[in-house]
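This briefing reviews selected local features of one structure.

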Amino acid sequence: MCNITINGKPFSVEENSSILQAAKSAGITIPTLCYLEGLTPMGACRVCLVEIEGSPTLTASCSTPVREGMIIHTNSKRVREGRRTVVELLLSEHEGDCQLCARSNDCELRQLAEDLGIRTNRYEGEKPDTTTDHSTVALVRDNGKCIKCRRCIQVCSEIQHVGVLSAQYRGYKTTIGPAFTDPLESVSCVQCGQCAAVCPVGAIVETSHIEQVLTALDDRHKHVVVQTAPAIRAALGECFGLPPGTLVTGKMVSALRELGFDAVFDTDFSADLTIMEEGTELLTRLRNRFVLGNEHRLPQFTSCSPGWINYAEHYFPDMLDKISSCKSPQQMFGALAKTYYAQKVGIDPSKIVVVSVMPCTAKKFEAARPEMRSSGFQDVDYVLTTRELGDLIKMVGIDFASLADSTMDDPLGISTGAADIFANTGGVMEAALRTVHAITTGRNIPTGNLHIEPLAGLEGIKTAAVTLTGTVDAWSFLEGKEVKVAVAHGLGNAAKLIEHIRENPDEFQFVEIMTCPGGCIGGGGQPRFTTDEVRKARIEAIYREDEGKTYRQSHENPAVQTLYKEFLDKPLSEKSHHLLHTGYQKKPKVTDN
């Protein structure tokens, strides 16, 4: 421990902590714009300035370690003036357009200026050249609003290991973006949106589909259905001031009905379907390995996360044949909505508009992929992030907090608890193992509450093993076999795991990869600002949702059972392959403009 003094009060803090961390532990707030918990502190924004007695200059608290006997002032006249000057200089270059900016209600720069009492700008003058980049399907970049805090660079490089953003040029001409200021489309951006999730201003935002959705809802010739991902129900409430982890499933359904959707369905339905298809695919590959000895597509990787698929196409093309051929639950739902559902309700599929509400910006890209048209149309027409749905509800004047609870519509709104946990890192794997164990042994997985504890939590890479004993005759070749699985969340962790698998190709049989830290609950389209505390609260809420369901294993879903009887026949049938499965191709890391 280290003894220091902050604002005249003595504190004992951890020896290796920064001044910023020490102040936080002492209950003292120091403002920041570039700092991200857990990442390398850069001191780029200079907003976190403090005064240290004996030092001739103000110091960035995020990147300065404490020393024994250090005397620190966080609110002296010199500090206040220094911070005001820094923020005023940032504002002098910031093309904020606050009245119309998508971040006007949650802009950290605007809030900081208000907190510091800045009412006029002393530094009027030249502003840097600005560009707006609409080249990708999911994201929009506006350099005029960028304050060069470099958060996007850090999360892209340190968390996701993609590294397509960096500082270009120097000094006043510095700009943040891909090399040579090329458009984002020209590099291997996976469109995960983590940059947009941490941007303090409106320099990177998701491409909005709100107007397209409103146009569809206003068209009386269209039948507009909506599906909601499991992660939405544990985060949407934050858009309306509710604490992280507040479950708002029923209110969300009521709000969607008031918005005018003709049917409110659940992506959880197709998550259960995904488990049936993906679990059967895994068992088929295991049979090929253990009985026929000719299966090279192990370990099988999950395919639910489109950012991960993009990452594999760019960086790990040698793993593409090991990725499950299953489409994501979003895309399975879209294909079925315009085939199975259209037939059941007698509506021309060309009149059906499928809207998704997703925690993920990459889902916008996924919906537009050319492979995702197996219904004969674009399977999913528009994708709203959680933030966009919150904005839409506010736009039409719905009082979210006062809404009564409603339930999803049949038949594509019926789901199990296993589908809910798709939202969490480790959840897809746990859901799959629940069903694989039940199918092969005729019994529930012997953990008491169906949870597989080693797969839970926020550790970057997790492993577990499930031994199959007492298998039924059809799966006797698995008797006594230990199925080893691995889970990674955040693409940097995924890269580490894949390198390990390259060196140890037979260690695991099944691998779950989720693009975003924490899984979908920490997606790039979720309400800001997602810290580990927020992730934990959302994860716990999702487990509560699972544990409150009547059915908690995907093969128990009666609507999925009916779907196979009436339409698909069986998992991996010819019709299933046509509608629910796909493949992926290697992509270059850089393309010509």
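The lining of the largest cavity comprises 13 nonpolar, six polar and one charged residues; Ala, Val, Leu, Ile, Met, Phe, Trp, Tyr, Cys and Pro count as nonpolar, Asp, Glu, Lys and Arg as charged, and the others, Gly among them, as polar. The model is predicted: local features need pLDDT of at least 70 and side-chain atom pairs count only at pLDDT 80 or more, whereas totals for chains, interfaces and linings use all residues. Residues are numbered from 1 along each chain as its sequence is written, and side-chain values use heavy atoms, with hydrogens and water left out.

**Cavities**

- The whole structure holds seven cavities of 30 Å³ or more; a cavity is a set of points, on a 1 Å grid over the protein atoms alone, where a 1.4 Å probe fits but cannot get out, and lining residues have an atom within 4 Å of a point.
- The largest cavity has a volume of about 250 Å³, a volume being the space filled by probe spheres set on the points, which are joined across faces, edges and corners.
- Of the 20 residues that line the largest cavity, Cys304, Pro359, Lys363, Phe422 and Cys520 lie nearest its centre.
- The second largest cavity holds about 120 Å³ of space.
- It is lined by 16 residues, and Cys156, Val164, Cys189, Cys192 and Cys195 lie nearest its centre.
- Helix 4 (151-159) and helix 5 (194-198) each supply at least two residues of this second lining, and the largest share, three residues, comes from helix 4; helices (H or I, at least four residues) and strands (E, at least two) are DSSP runs numbered from the N terminus.
- The lining of the second largest cavity divides into twelve nonpolar, four polar and no charged residues.

**Cysteines**

- The whole structure contains zero disulfides, a disulfide being a pair of cysteine sulfur atoms within 2.5 Å.
- Cysteine 34 is in no disulfide, and the nearest cysteine sulfur, that of cysteine 45, is 3.7 Å away.
- Cysteine 34 is buried at 2% relative accessibility; buried means under 20% relative accessible area, exposed over 50% and partly exposed in between (1.4 Å probe, protein chains only).
- For cysteine 189, also in no disulfide, the nearest cysteine sulfur is that of cysteine 195, 6.2 Å away.
- Cysteine 189 is buried, with a relative accessible area of 13%.

**Backbone geometry**

- Aspartate 410 and proline 411 are joined by a cis peptide bond with omega about -5°, and proline 411 lies in the loop between helix 13 (386-395) and helix 14 (417-420).
- A cis peptide bond with omega about 10° joins arginine 528 and phenylalanine 529.
- Asparagine 7, although not a glycine, has a positive phi of about 55°; this residue is partly exposed, with a relative accessible area of 34%.
- Leucine 450 has a positive phi near 75° and is buried, with a relative accessible area of 9%.

**Aromatic contacts**

- The whole structure has eight aromatic pairs; rings of Phe, Tyr and Trp (its six-membered ring) pair if their centres lie within 6.5 Å, with planes under 30 degrees apart counted as stacked, over 60 as edge-to-face and the rest as tilted.
- Tyrosine 311 and phenylalanine 316 form an edge-to-face pair, 5.7 Å centre to centre with 65° between the planes, and both residues are buried.
- The ring centres of tryptophan 475 and phenylalanine 477 are 6.0 Å apart and the planes lie at 55°, so this pair is tilted.

Technical notes: On a 1 Å grid over the protein atoms alone, a cavity is a set of points where a 1.4 Å probe fits but cannot get out, and a pocket is an open set with protein on both sides within 12 Å along at least five of seven lines; lining residues have an atom within 4 Å of a point.
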